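Hi,

Here is the structure I promised to pass on. Have a look at it first, and then read my notes below.

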2 protein chains.
Amino acid sequence: MEGVDHLAPERNKAQFDVDEMKIVWAGSRDVFEVSDRMARLVASDPAFRKDNRTMLGRKELFKNTLRKATYAWKRIIELRLNEQEAKQLRSYVDEPAFTDLHWGMFVPAIQGQGTDEQQQKWLPLAHKMQIIGCYAQTELGHGSNVQGLETTATFDPKTDEFVIHSPTLTSSKWWPGGLGKMSTHAVVYARLITNGQDHGVHGFIVQLRSLDDHLPLPGITVGDIGMKFGNGAYNTMDNGVLRFDHVRIPRNQMLMRSVLLLYLFLTPLLVSQVTREGKYVQSNVPRQLVYGTMVYVRQTIVADASTALSRAVCIATRYSAVRRQFGSHNGSPETQVIDYKTQQARLFPLLASAYAFRFVGEWLKWLYTDVTRRLQANDFSTLPEAHACTAGLKSLTTSATADGIEECRKLCGGHGYLCSSGLPELFAVYVPACTYEGDNIVLLLQVARHLMKTVSQLGSGKKPVGTTAYMGRVEHLMQCCCDVQKAEDWLRPNVVLEAFEARAARMSVACAKNLSQFTNQEQGFQELAADLVEAAVAHCQLIVVSKFLEKLQQDIPGKGVKQQLEVLCGVYSLFLLHKYQGDFLSTGCITPTQASLANEQLRSLYSQVRPNAIALVDAFNYTDHYLGSVLGRYDGNVYPNLYEEAWKDPLNDSVVPDGYHEYVRPMLKQQLRNARL
Amino acid sequence: MEGVDHLAPERNKAQFDVDEMKIVWAGSRDVFEVSDRMARLVASDPAFRKDNRTMLGRKELFKNTLRKATYAWKRIIELRLNEQEAKQLRSYVDEPAFTDLHWGMFVPAIQGQGTDEQQQKWLPLAHKMQIIGCYAQTELGHGSNVQGLETTATFDPKTDEFVIHSPTLTSSKWWPGGLGKMSTHAVVYARLITNGQDHGVHGFIVQLRSLDDHLPLPGITVGDIGMKFGNGAYNTMDNGVLRFDHVRIPRNQMLMRSVLLLYLFLTPLLVSQVTREGKYVQSNVPRQLVYGTMVYVRQTIVADASTALSRAVCIATRYSAVRRQFGSHNGSPETQVIDYKTQQARLFPLLASAYAFRFVGEWLKWLYTDVTRRLQANDFSTLPEAHACTAGLKSLTTSATADGIEECRKLCGGHGYLCSSGLPELFAVYVPACTYEGDNIVLLLQVARHLMKTVSQLGSGKKPVGTTAYMGRVEHLMQCCCDVQKAEDWLRPNVVLEAFEARAARMSVACAKNLSQFTNQEQGFQELAADLVEAAVAHCQLIVVSKFLEKLQQDIPGKGVKQQLEVLCGVYSLFLLHKYQGDFLSTGCITPTQASLANEQLRSLYSQVRPNAIALVDAFNYTDHYLGSVLGRYDGNVYPNLYEEAWKDPLNDSVVPDGYHEYVRPMLKQQLRNARL
């Protein structure tokens, strides 16, 4: 049966041009072509195989990652890949490695925060990978609260050095990827102390290991923090622990440049200077500037969410078409599980979400350009809004993706629990996104703060901008009535949009009203935090819905492509409306009858998705290598491959397992008394 | 700091008698004492240590499990433990092993379905563990649909034997625990064929491996199906694949007794007889009988759900009291994260759920006794209701528990992602409960079928019984109005109960009404499946709430114990009411104002839980061994232990990791060209 496409009948059902949809998904023809080329390059090279990853012990796994990461770098050089190509190649290798932090955090930190001299010294070394760098910020006792970091960097004017020290156990650096076993250098964040005065957290370039023998330098204790969630997954990464015992570095290794690139930060850090005499010179960079770069980082996280969710959806959708269960009459084949409405009602909203997150991610890219342009023109007016918006979207999309991957796993029945389904590892490797770069709940509280501020300023004549612009129509939104009378009315974009706007506006206003009853605003904010989080979610969902609707205003070529996207947009918004109908009803935005009509329309949209489902996941253009799932195989030839995969488990190396003779046989032979257990 | 109780200040805050609460949690003083004794016995024996489990490769892990399972058996014999004690001991060893299936499935299957002769032959061997058995039902192509199994057992009258055969690849047995490497015997489910006629699925005792050398017998292909979700977790189990090539067994190894004990079944199987001449004699057991035993199995699953959820909640609650983040003023300690309202709003409903599931599980035990008693008196009247109820509660509690464990992991911030937190393994080992013994969505559809039947019979004078009794008051429930006027009104049990009853009744009636518009009822059921699932959930939530309220009607001794449970019951029900307010509002059971008052009351209840939170999880009486979590340590001494735990990772065995010299050093030295990658 080799070469037979078991899903061909499904592909023939598609009512749109899949190749054109691939371009839409990729964002542009250029991006598609690079991405496609890199994906194939990786998939066709046996050195990048990853199918045994979940069976390896930690050491073997890690060694294998070192080989792959180094090999990837070798190929990048040999093929003279440009930056975009190299990035794509690394992402298709699909294995977290120390190089991720080197390129994604260490290099940008120096680019962003290093002076010209610092850049000239360190960047060439980093670009050629003559040194390996990581980003040492979080500590055993401090993640979210960056301002509470305890590591100290005390200036010693006698030697013109900083003394980096870990004064407490909880000040141990903890979590940085690449730190545990690989990094030769780190950007270390520590409290700057000059003349006995604490100037808050700053960044320092610190060498950790000898470039000769890779041993930790004197005063440095460094190691891996141990196994993390899942098989394979993030265990290919050496997240590390690091303690300093009065480690001295030259003064010129404090990052002293004035434009920041920040990661993982909830609150802006400072980039200032220390003079030869130990005088602390505060940076004159407007604090707002730092938010610009958070917009950048979070934009990539949203794009990654759509990628991770779409992988899971692709696997679950294909296997739902392959798998049959019940419904056989007189020897006819059983029903494909994708034809069950309960399966559709769980799966198709996730398919729609993957597309929705793709488009909002695309829009965030534009937002970043827009913010950057404005900053260069000294226009800070949209910055707080843009910052809140990206914080909220990071939270919304990563939470939905983590839950969505697990839902896809369950949608595959028992077999989704096997590592060979690819879904357990996808889940385990993805979930930290809910915590890093801002805990998702903490971020929603930031959004809520911004919303409360926006509401409080409504009377002042200050016009809300960007994604909060709808608040400017708050008077209308507080009293407008949804005019849906039949199910199809829910297909009108303005109807949907106004319902989401009214819900978000009314929830924010209600929170603001409740807040105003507290004399101490901060205490009120703490007390009402759970409600505020819900208002923030409503606001963020509105953004995703509105950006999907905006996308549909564009010219989208290709037979049937736009129509499919319209259906998905309908699924996404009406699914949310149904799931959160409590919000819509309690704020009086819609009536129970209208809620029920929305649900009816949603059912009809599921039927429209059904024949296109396989083609809609084909449009992601994922290779079997990248998916790494027997259940999600392009050709749908699941069962023979699931069977073959089983025999590769190390336990099957021998017929009689290790331990049988020592332990089990004595039990069977009733000779346990003499066994050594 | 050894021996210091860092959580002592929290324990001192408790407003109730923890020791009395332990009895309530255990169910009785007797159960508490056995459980406590067995837990300590396991925890104090170094042979049962499990702290390295997540770091082991598959073979090593499995070998270690063989040692522990055999050792546990040895201790059971040495200490002459009774059945209850042995079961408790095995559960505290806390490691899935082949013995689980032997005791939990193989032995009961023979007890339930074997004739007296079969029992006399096989049970003594099994009871002494001279043979190891498993339960081979599911196949590569069939899980939920047991009637669709493909394995055949063809009677050969010439030799008086059955020929067991796997006619297709998808007929390979797949998933049975203990099958892959350990079982010498299996109860195999196969289609019985006599005289060319298919009599449906029946059970057969088949020997798989030689008792001399443990090698598979001729015609048998057997192995492990490979890695499953998570580190450690279910990878200690040899879930297996099994193929038969015309394997012959004597006729007397078909299970031919008339009382069934069924596991994993969605639909009842048959127990009949085949005579020497190959004549098939249909069983005369009333089909309803088989449901009785499903009630039993699902009852234990509900109890297990409360155990798993309470473990996660215990870890998250303790660490939330240990962990501090933000909120420091002038050097004061930061705020304990358990004091944040967002943390409370996520954590305390899970704490309340653990207790709620405990009590509904306890009630299910009673239900099982009641059903058994009735069956013995030939009273089948309550059986369908009891069956639907247990199916629904299995679904509700396992889904909520799986989600709840992951939520607890997220509530621990980044550190929850470390295996040493115990939470990743707890999640990975728990989630299959959502799929086995009936996929949770399929089960809810069964509940919905029962509800639709109940509604359709309301006019006929047939009185709904048990958990559907409220349907008998449907006329009142369809038009009653909630009379809540202030937040505290939501503390009145009758108010809460009626709101949940009205919501459930109205959702069922609405579904029935929509169904009646279809000419083809089955098609209507398929089409409206998603709505029906929601109605079933509403019904099941009502059951849990009502059983919690009933528990509070009992006499519960101990200072403050009942008051705490009242608070938790309020949290559980008002949390659900808030989360599902869309249901309550769309059915007009409550007004938006009343929903808002419920939310207000909920906030106030959280404040009442707060000082008792640590004591409420102490009441679970879990040893540190059983919890297996650095974050959840009884003494709260988290950080030094987290730090120590890190160094145990195999990657830290050497300072310079394996792979550095081969791969990474050539890269750093710019000599990649010559490296062997």
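A word on strands before going on: helices (H or I, at least four residues) and strands (E, at least two) are DSSP runs, numbered from the N terminus, and two strands pair if DSSP finds at least two bridges between them.

Some ground rules. This is a predicted model, where local features need pLDDT of at least 70 and side-chain atom pairs count only at pLDDT 80 or more, while totals for chains, interfaces and linings use all residues. Residues are numbered from 1 along each chain as its sequence is written, chains are lettered from A and ligands numbered from 1 in the order in which they are written, and side-chain values use heavy atoms, with hydrogens and water left out.

**The sheet in chain B**

**A strand pair in chain A**

In chain A, strand β3 (residues 161-165) and β9(A) run antiparallel and are joined by four bridges, with A:I164 opposite A:V247. In a regular strand, side chains alternate between the two faces of the sheet.

**The annotated residue**

An unreviewed UniProt entry has an "active site" annotation that covers A:E437. Such positions are given in the numbering used here, feature names are shortened, and annotations may be inferred rather than shown by experiment. A:E437 lies in the loop between α11 (423-430) and α12 (440-456) of chain A. Is A:E437 buried or exposed? With a relative accessible area of 3%, A:E437 is buried. Its side chain makes a polar contact with the side chain of A:R298 at 3.1 Å. (A polar contact is a pair of N or O atoms within 3.5 Å; within protein, one must be able to donate a hydrogen and the other to accept it, and residues adjacent in sequence count only if both atoms are side-chain atoms.)

**Where the chains meet**

131 residues of chain A are in contact with 131 residues of chain B, contact being heavy atoms within 4.5 Å. The area buried between chain A and chain B is about 11600 Å², with carbon and sulfur atoms giving 65% of that. Buried area is the accessible area (1.4 Å probe) that two parts lose on being put together, summed over both. A:F229, A:Y417 and A:L651 supply 7% of the area that chain A buries against chain B, more than any other three residues.

The interface also has 13 salt bridges, a salt bridge being a side-chain nitrogen of Lys or Arg within 4 Å of a carboxyl oxygen of Asp or Glu. One of them joins B:K341 to A:E527, with the closest N and O atoms 3.9 Å apart. Helix α4 (residues 58-78) of chain A gives ten residues, the largest share of the side of chain A that touches chain B.

**Salt bridges elsewhere**

Over all chains, the structure holds 98 salt bridges. A:D370 and A:R373 form one of these, at 2.4 Å between the closest N and O atoms. Both lie in helix α9 (residues 341-376) of chain A, three residues apart, about one turn of the helix. A:D370 is buried at 7% relative accessible area, whereas A:R373 is exposed at 51%. In chain B, B:R633 and B:D635 form a salt bridge at 2.9 Å between the closest N and O atoms, and both are buried. Back in chain A, salt bridges with shared partners join A:K50, A:R53, A:K68, A:D94, A:E95, A:R311 and A:E425 into one network.

Cheers

Terms used:
Buried < 20%, exposed > 50% of the residue type's maximum accessible area, 1.4 Å probe, protein only.
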